Amino acid sequence: MADEDDIILSELSDDELVLQMHDDLYDGLKDEIEEGVNILIERGWTPYDVLTKALVAGMTIVGADFRDGILFVPEVLLAANAMKGGMFILKPLLVETGAPRMGKMVIGTVKGDIHDIGKNLVGMMMEGAGFEVLDLGINNSVEKYLEAIEAEQPDILGMSALLTTTMPYMKVVIDTLKEKGMREEIIVLVGGAPLNEEFGKAIGADAYCRDAAVAVETAKSFVARKHNQLSA
Amino acid sequence: MTDALSTLLATRDWLMADGATGTNLFNMGLSSGEPPELWNVDQPDNIRALYRGAVESGSDIFLTNTFGGNASRLKLHGAQGRVHELNRIGAALGREIADAAGRTVVVAGSVGPTGEIMAPMGTLTHALAVEMFHEQAEGLKAGGADVLWVETISAPEEYRAAAEAAALAGMPWCGTMSFDTAGRTMMGATSADLAALVEKLPNPPIAFGANCGVGSSDLLRTVLGFFAQGTERPVIAKGNAGIPKYKDGAIHYDGTPELMADYAVLARDSGARIIGGCCGTMPVHLKAMREALETRPKGPRPSLDEISAKLGAFSSASDGTGDEGPARRERRRGR
């Protein structure tokens, strides 16, 4: 489109550029996001401000429209891909500048389940919200989850299942965590198309998250609560 | 048109399909995370019992235990080399039960999604998807399936790939999508999108429709959405028996046989010609559905209000068709 070419990111003011980056995340424009991140850094923004004000805020809009049935998986995947491009630039800078960490999550789809679309979305949105995410991929046995938890000491364990044939396996994992005395240390979030809140409660998860946007909000509030408990 | 399904459709107003596969197999001891398709070889009597349960409950069509029988899914269990075998045997067991039924029963070779995201968003190319579906289709054909039954698809691209595979295998086919996200599929396809898509295919399906999703109200809204596009092709309604609940270490669906009977009648009155259940639908539900379909007179096409009054509320205000749905935000680039 003709007017698309009319926008020159480097000529925008900071405020306009940030709004434009929200739009470009919405449209999944990776090159433009990378350019925007570089411009803000050059203008002296801290990596943390670029992350939160440009990228996370933009992904929050995407997440809200995904939650409200306005955007769907293809659009969110494109947005997340654009976000990833920006994150690739920011990650080393965030580490260098000692930016605050939101928390760490280990996430994976349970044994027998190949469907990882939802899980990937959650992982990307969590990264988008500033969490460190270790993705175990699909088809995870209880042993694989435990191994990762012991090695990584995450704040959150995320499990996903898309099939009614695989969702009960989440309970196997949670029960094993209980047996090993590890359940109290970790926040367990579950998600997937056939699940619901009642199911999440019944198997002993901390929460069921309806979609990736809800997962981020839930993770934030649980981590905040956990930190409050520790300092109390 | 010599295939068994077309013949049945030509002689009957409605046909009843089957119910759940996974839910039934769990009740027979399948453990969570294990691939049901292996039972075609390891526990054939359980698979026979599954099929027989549908036939004895009055199903005119039942789906084979091959939903996850593509190379991409079986690879999880190191069984990607057994695609042909597991599908062939799954269909052959079905043939055996159908032929012993004493009436025409259609063996529908179930073909579920690959579970992968198609290019350009994901890594699965069209050619590779066609190849995987074709491999599965050949196994189902060799085992004696009457039709291919592509189900629970969310991406239009994957639906197209499965259609092409059916053509390569020289098989008649049916294809349903799962509309589980605010009335759309996970990939955003609406009922109107699917109705338009099937007519554009070089080898359109005998019947198309919706399966699984969330609850029977939503499923019927989708069915009405197909007819709003003026489709004249037979429509399939295969909804879940309510919503999954976790009780005593197992999944139970909260839809009662009475509810599923109401759903079946409303599906028929909505215009669906092939009516069945999906997750949670057990023989007891199917019996109630069959009885209701046979005994309750056909009524006028129900309104959305009548559907929600009888079956429960819709999961979202809009199903993405028409202009009533929420709009995307305005962006500066004017896209």
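How many residues of chain B are in contact with chain A? In this predicted model, 36 residues of chain B are in contact with 36 residues of chain A. Four elements of chain B give two or more residues each to the side that touches chain A: the helices α2 (22–27) and α5 (71–74), and the strands β8 (244–247) and β9 (250–253). The largest share comes from β8(B), with three residues. By residue class, the side of chain B that touches chain A divides into 15 nonpolar, 10 polar and 11 charged residues.

In chain A, residues 8–102 carry the UniProt annotation "domain: B12-binding N-terminal", taken from an unreviewed entry. Over residues 8–102 of chain A, the chain is 75% helix and 0% strand. The end C-alpha atoms of this segment are 33 Å apart.

Backbone geometry stands out at several loop positions. Most residues other than glycine have a negative phi, and most peptide bonds are trans. A cis peptide bond joins B:A119 and B:P120, with omega at about 5°. B:P120 is placed in the loop between β3 (106–111) and α7 (126–142) of chain B.

A positive phi, near 60°, is found at A:N139. A:N139 lies in the loop between β2 (132–135) and α7 (142–152) of chain A. With 19 other C-beta atoms within 10 Å, A:N139 is partly exposed. Phi is also positive at B:A182, near 50°. B:A182 sits in the loop between β5 (173–177) and α9 (191–200) of chain B. B:A182 is buried, because 24 other C-beta atoms lie within 10 Å and the cut-off for buried is 20 or more.

Terms used. Residues are numbered from 1 along each chain as its sequence is written. Chains are lettered from A and ligands numbered from 1 in the order in which they are written. This is a predicted model: local features need pLDDT of at least 70, side-chain atom pairs count only at pLDDT 80 or more; totals for chains, interfaces and linings use all residues. Two residues are in contact if their C-beta atoms, placed from the backbone, lie within 7 Å. Ala, Val, Leu, Ile, Met, Phe, Trp, Tyr, Cys and Pro count as nonpolar, Asp, Glu, Lys and Arg as charged, and the others, Gly among them, as polar. UniProt positions are given in the numbering used here, feature names are shortened, and annotations may be inferred rather than shown by experiment. A residue is buried if 20 or more other C-beta atoms lie within 10 Å of its own, exposed if 12 or fewer, and partly exposed in between; C-beta atoms are placed from the backbone.
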